[in-house]
Amino acid sequence: MLYVASLVQGIFAIFQGPAQSAAFTLLVPPMQRDRANGLREMAFPLAGVAAPALAGALYPLAGRRGDHRA
């Protein structure tokens, strides 16, 4: 199942990447492009840090413990 999910995600990423870049170029004024590009490039790594921290914060709300006995 993971291979299928990765395949589907890769196929959609093929189309999303160029479309996102084209939309970015059309929507952001040239004077603001550097700043907006920096924010866009920070979004993916920031999500990689924030998602595990958020998941860890939600563990107690779900009634789970951080050890292996849960």
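Colleague: What does the secondary structure of the protein come to?

Modeller: Two helices and zero strands. Helices (H or I, at least four residues) and strands (E, at least two) are DSSP runs, numbered from the N terminus. This is a predicted model, where local features need pLDDT of at least 70, side-chain atom pairs count only at pLDDT 80 or more, and totals for chains, interfaces and linings use all residues. Residues are numbered from 1 along each chain as its sequence is written, and side-chain values use heavy atoms, with hydrogens and water left out.

Colleague: How do you know what span is expected of H1?

Modeller: The expected span is 1.5 Å times one less than the number of residues. H1 has 26 residues, and 38 Å is expected. From first C-alpha to last, H1 reaches 35 Å, which is close to that.

Colleague: And what does H2 reach?

Modeller: H2 also has 26 residues. Its reach is 36 Å, close to the expected 38 Å.

Colleague: Where does H1 bend?

Modeller: At Ala13, by about 30°. The bend at a residue is the angle between axes fitted to the seven residues ending there and the seven starting there.

Colleague: Where is the kink in H2?

Modeller: At Ala43, shortly before the proline Pro45. That kink is about 30°.

Colleague: Why is Phe15 called exposed?

Modeller: Buried means under 20% relative accessible area, exposed over 50%, partly exposed in between (1.4 Å probe, protein chains only). Phe15 has 59%, so Phe15 is exposed. This residue lies in helix H1, residues 2-27.

Colleague: What makes Ala62 exposed?

Modeller: Its relative accessible area is 57%, therefore Ala62 counts as exposed. Ala62 sits in the segment after helix H2 (33-58). From Ala62 to Leu46 is 16 residues in sequence and 24 Å in space, C-alpha to C-alpha.

Colleague: Which residues form the nonpolar patch on the surface?

Modeller: Leu7, Ile11, Ile14 and Phe15, with about 440 Å² of accessible area together. Patches are made of residues with over 30% relative accessible area and no salt bridge: like charges are joined within 9 Å, nonpolar side chains (Val, Leu, Ile, Met, Phe, Trp, Tyr) within 5 Å. A salt bridge is a side-chain nitrogen of Lys or Arg within 4 Å of a carboxyl oxygen of Asp or Glu. Accessible areas come from the Shrake-Rupley method with a 1.4 Å probe; for residues, only the protein chains shown count as cover.

Colleague: What is the radius of gyration of the protein?

Modeller: It is 18 Å, but a compact globule of 70 residues would have one near 11 Å. The radius is taken over C-alpha atoms; the globule rule is 2.2 Å times the number of residues to the power 0.38.

Colleague: What share of the 70 residues is buried?

Modeller: Buried residues make up 4%.
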